[in-house]
Amino acid sequence: MSSFLAGLRLIKAGWVFAREGVVAAMPREGLSGPALTAHKIATKMSRRRAGRLNNVERMNNAITRLGPSYAKLGQFLATRPDIIGLDLAVDLATLQDQMKQFPTAQSIARLEDSLGAKWDTFFTQIEEPVAAASIAQVHPAYVRMPDGSEKKVAVKVIRPGVRQRFQKDLDTFFMFANLQEKYFPATRRLRPTAIAQTLAQSTRIEMDLRLEAAALSEIAENTKDDTDFRVPKVDWVRTGRNVLTMEWVDGIKMSDTAALMKAGHDLNILAVNVIQSFLRHAMRDGFFHADMHPGNLFVDAKGDIVAVDMGIAGRIGMKERRFLAEILFGFIQRDYRRVAEVHFEAGYVPPHHDIDAFAQAIRAVGEPIHDQPAETISMGNLLTLLFDVTEIFDMQTRPELLLLQKTMVVVEGNARMLDPQFNMWKAAEPVVGDWVRQNLGPAAVVNDARNGIKAGLRLMKAMPELANRTEQLAHEVGAMAENGMKLDPATVKAIGKAEAKESRWGRRALWVIALSALYIAWTLT
């Protein structure tokens, strides 16, 4: 029954996205067969007025009809320009996640349930909400300080019923992903089921506000010695699964350039600060705010950038940071052979490909940028072109790099909004250059040696246990050779379930096709 309902919800979503012109706005390049036919049909089904709207307006109309789960889906797809195209991804990244506010009484009930006491135990006053998104809304509130004074805070409260609604819609997303992998083999490289799983995990994390508080705390610790950037301080006493209390931010939104200039802020300095802050977080710390659209960035009276809403964060390891630094420097130095080698060394391109042919393809990306003025070259667009080329050489989708790329595009957009003549390379060089000297120069040799010694010591400590496991494995292999391999009942049962599931998906696909015709006919009556 749940699969049947998920199928109906999938049909409804497809119909709404087609009617509002969202499907028509997606790139058609590379589609063929049924996928191309479906795109053409969806384009013809779009409302006439949809053609006069931009991508964000079309998506807003669809989300209004479908509900908060799809607002979060739009935000998530903004992290996947490989699927929907860079232009639409950037549009979705700036999509204002604005939903209808729910009553303050419901916020107070959820707050009390999460904190385990009456609201006035923690607050002296809770005001009406000032912002409402798909997952939560924010209230101004006041707390009593030890000296008797009151301090203003921001209280973020999870939307009632949102977890149940998301779970139902996630079933629909998984059904779509499975059907896509089964009937459109060309899309398997994009791993739609893995993407659905990542979305499910992402929303589970985002719906526990303690985890957002932890992200704020981590980035605050990472940036405590930085100038010109900070995040709100978390009030852990007044924070729980459904409520997050933090410092109230008095500032001007970065998108309001007129107000920034009126307040006396230097927009050119702010443009440099926003880029350098992001690069420091990504390359130095390996942890960055991945939703840095202008609505989430404020400028306080001192000129510091204050970032809010850490529901979406990105994390990259040392391998990815070295990869990013080397390819950026390789392009700057026109060392395309080295850029190609880095891809092979990282294991991102399968080894059966010819490295010289790959270097030639990289040259096709790099050479055009050297004929442009520095202020017109975008790091984000450069990475987009690079990923387009690597697709030809079977480079698998790297979600962590794509999230970094999307965020870089959005942050560059913020900088150029503040300063149209912004030189990305000049602003980035102090941060990227310092990281390269520390991690790819002589200092890196010392660090790698130190890490190697530590790894060797850990291996020596683990040797007795490894020896015991090896001996046990030898006995088990010998017993298997003598008596044959036996499957335990749980394994046999799992195999049976897998075969039954494969058969069910075929039947479900037929039901979805039949029901889609019935649903569209019923909608049009």
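Helices (H or I, at least four residues) and strands (E, at least two) are DSSP runs, numbered from the N terminus. The views below show a predicted model, in which local features need pLDDT of at least 70 and side-chain atom pairs count only at pLDDT 80 or more, while totals for chains, interfaces and linings use all residues. Residues are numbered from 1 along each chain as its sequence is written, and side-chain values use heavy atoms, with hydrogens and water left out.

View 1. With a relative accessible area of 24%, E341 is partly exposed, a term used for values between buried (under 20% relative accessible area) and exposed (over 50%), with a 1.4 Å probe and protein chains only. After α15 comes G347, which has a positive phi near 80°.

**View 2. E326 and R338 are joined by a salt bridge.** The N to O distance in this pair is 3.0 Å. Because E326 lies in helix α14 (residues 318–333) and R338 in helix α15 (residues 336–345), the pair ties together parts that are 12 residues apart in sequence. E326 is partly exposed at 21% relative accessibility, and R338 is also partly exposed, at 22%. Both residues belong to a network of salt bridges that links E326, R337, R338, E341, E345 and D356.

**View 3. D208 and R210 form another of the salt bridges.** Side chains of opposite charge can pair when their charged atoms come close. Here the closest N and O atoms are 2.8 Å apart. D208 is buried, with a relative accessible area of 12%, whereas R210 is partly exposed, with 40%. A search of the whole structure finds 20 salt bridges.

**View 4. D228 and D309 each have a positive phi.** Most residues other than glycine have a negative phi. In D228, which is not a glycine, phi is near 75°, and this residue sits in the loop between α11 (209–222) and β5 (229–230). D309, likewise not a glycine, has a phi of about 60° and is placed in the loop between β10 (305–307) and β11 (313–315). D228 is partly exposed, with a relative accessible area of 29%, and D309 is partly exposed, with 26%.

**View 5. An open sheet of 4 strands runs in the order β5-β10-β9-β7, with mixed pairing.** Two strands pair if DSSP finds at least two bridges between them. At the edges stand β5 and β7 (252–253), each with a single partner strand, so one side of each is left without a neighbour in the sheet. Helix α13 (residues 267–285) packs on the sheet and touches β5, β9 and β10, where contact means heavy atoms within 4.5 Å. The direction of helix α13 makes about 45° with that of β10; axes are lines fitted to C-alpha atoms, for helices over the stretch in contact, and angles run from 0 to 180 degrees between N-to-C directions.

Conventions. Salt bridge = Lys/Arg side-chain N within 4 Å of Asp/Glu carboxyl O.
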